[in-house]
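Thanks for asking me to look over this model with you.

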Amino acid sequence: MAFLTQRSAQRGDTPGSTGSSFHYSFTLLPRERRRAIEAVYAFCRVVDDLADEVGSSRDAQAGLYLFRDELHRCYDGEPTLPVTLGLQEHIRRFRIPREPFEAILEGVEMDLHKRRYADFAELRGYCVRVASAVGLVCLPIFGAVHPKSREYATDLGLALQLTNILRDLKTDAQRGRIYLPADEMEAFGYHEQALFRGDRSTSFLALMHYQADRAERHFESAAAALPASDRHVLLPAEVMGAIYRRLLRSMREERFPVFERRVAVPRLTQLRLTLAAWVTGRAGA
């Protein structure tokens, strides 16, 4: 689940870590809103670990049941775990809807049971749950109120997740997961065993550019959907988008060296993008 922890969403990409793109983008938020974002990402990180860190599928499924119950308690009772106790305070303050949290848990369950995606329609459903849903949770925390901001959050989440999928191709394959549409792999003549070997053939590069083009289209769709009235409150999300768009560009320019190393945007570049957004009120990649 690359976006949630910035394997995210992974690993080391959490709002408080200075190496994280979350860290730089969320420094633009007032303290209470930043605390709420940190609580959301703490929850996302814990549930994401059910798919990647828990030893057995039975234990992971039990953990998922536990967090579904805890989410219910956040809205209709009193939660019992530190991570959900901290989350409930912000759910109430910012009136965060329940549905996107439920979608996030559905995405975790997909990671427990699904390791291949037949086509992009299937993959898109997964990305909406693990990435776009996180954006929908964050909208009321940012203070976004325009209806089109939901469309913006959905497309930006898709763009971020699709970028993460390319960056984390090797890590996910080591876990037995492939987040590339099987029909597109077949069309480009790049097969599972080649991926597991880390082959960087001309077929691989063509497939990667095709996937990157799709991510770029979602970045563009998000930009087109961003309502002017919410632009100022969504500036932290725009900074994150600018950092990830730079990451996507770097992977293209370096011919997708994702089997050799983890491609990243340098901290100084992230800081520069953040400072420029703070000064100009706009984010640019």
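Predicted model: local features only at pLDDT ≥ 70, side-chain atom pairs only at ≥ 80, totals over all residues.

1. How many helices and strands does the secondary structure come to? The protein has 13 helices and 0 strands. Read along the sequence, the pattern is therefore α-α-α-α-α-α-α-α-α-α-α-α-α. The radius of gyration is 18 Å, close to the 19 Å that the globule rule gives for 285 residues, so the protein is as compact as a globular protein of that length.

2. Of the 285 residues, 54% count as buried.

3. Two packed helices are described by the angle between their axes and the distance between the axes. Helix α2 covers residues 31-52 and packs against helix α4, residues 82-94, at an angle of about 135°, with the axes 9 Å apart. That angle makes α2 oblique to α4. The crossing of these two helices is left-handed.

4. Which residues of α2 meet α4? On the α2 side they are Glu32, Arg33, Arg35, Ala36, Ala39, Val40, Ala42, Phe43 and Val46. On the α4 side they are Val83, Thr84, Gly86, Leu87, Glu89, His90, Arg93 and Phe94. Sorted by type, the residues of this contact divide into 9 nonpolar, 3 polar and 5 charged.

5. Helix α2 also packs against helix α5, residues 99-113, at an angle of about 20° and with the axes 8 Å apart. Angles under 35 degrees count as roughly parallel, so α2 is roughly parallel to α5. This crossing is right-handed. From α2 the contact draws on Val40, Phe43, Cys44, Val47, Asp48, Leu50 and Ala51, while α5 supplies Phe101, Ile104, Leu105, Val108, Asp111 and Leu112. The residues here divide into 11 nonpolar, no polar and 2 charged.

6. What about helix α6, residues 120-142? The axes of α2 and α6 come within 10 Å and cross at roughly 160°. Angles over 145 degrees count as roughly antiparallel, so that is how α2 runs relative to α6. The crossing of α2 past α6 is right-handed. Arg33, Ala36, Ile37, Val40, Tyr41 and Cys44 of α2 make this contact with Val134, Val137, Cys138, Pro140, Ile141 and Phe142 of α6. By type, the residues divide into 11 nonpolar, no polar and 1 charged.

7. Most residues other than glycine have a negative phi. Arg95 has a positive phi of about 55° although it is not a glycine, and Phe256 likewise has a positive phi, of about 50°. Arg95 is in the loop between α4 and α5, whereas Phe256 lies in the loop between α12 and α13. Are these two buried or exposed? Arg95 counts as exposed, at 74% relative accessibility; Phe256 is buried, with a relative accessible area of 0%.

8. The loop between α12 (235-253) and α13 (267-280) also holds Val263. At 1% relative accessibility, Val263 counts as buried. Leaving aside residues up to four places away in sequence, Val263 touches Arg167, Leu247, Ser250, Met251 and Pro257. Val263 and Arg167 are 96 residues apart along the chain, and their C-alpha atoms are separated by 6.5 Å.

9. Finally, do have a look at Arg214 in helix α11, residues 202-225. Buried means under 20% relative accessible area, so Arg214, at 7%, counts as buried. Its contacts, not counting residues up to four places away in sequence, are Phe120, Leu162, Pro181 and Glu184.

Key:
Residues numbered from 1 in each chain as written. Heavy atoms only, no water. Axes fitted to C-alpha atoms, helices over the stretch in contact; angles between N-to-C directions. Helix = DSSP H or I, 4+ residues; strand = E, 2+ residues; numbered from the N terminus. Parallel < 35°, antiparallel > 145°, perpendicular 65-115°, else oblique. Left-handed = near helix turned anticlockwise from the far one by under 90°. Contact = heavy atoms within 4.5 Å. Nonpolar A, V, L, I, M, F, W, Y, C, P; charged D, E, K, R; others polar. Rg over C-alpha atoms; globule rule 2.2 N^0.38 Å. Buried < 20%, exposed > 50% of the residue type's maximum accessible area, 1.4 Å probe, protein only.
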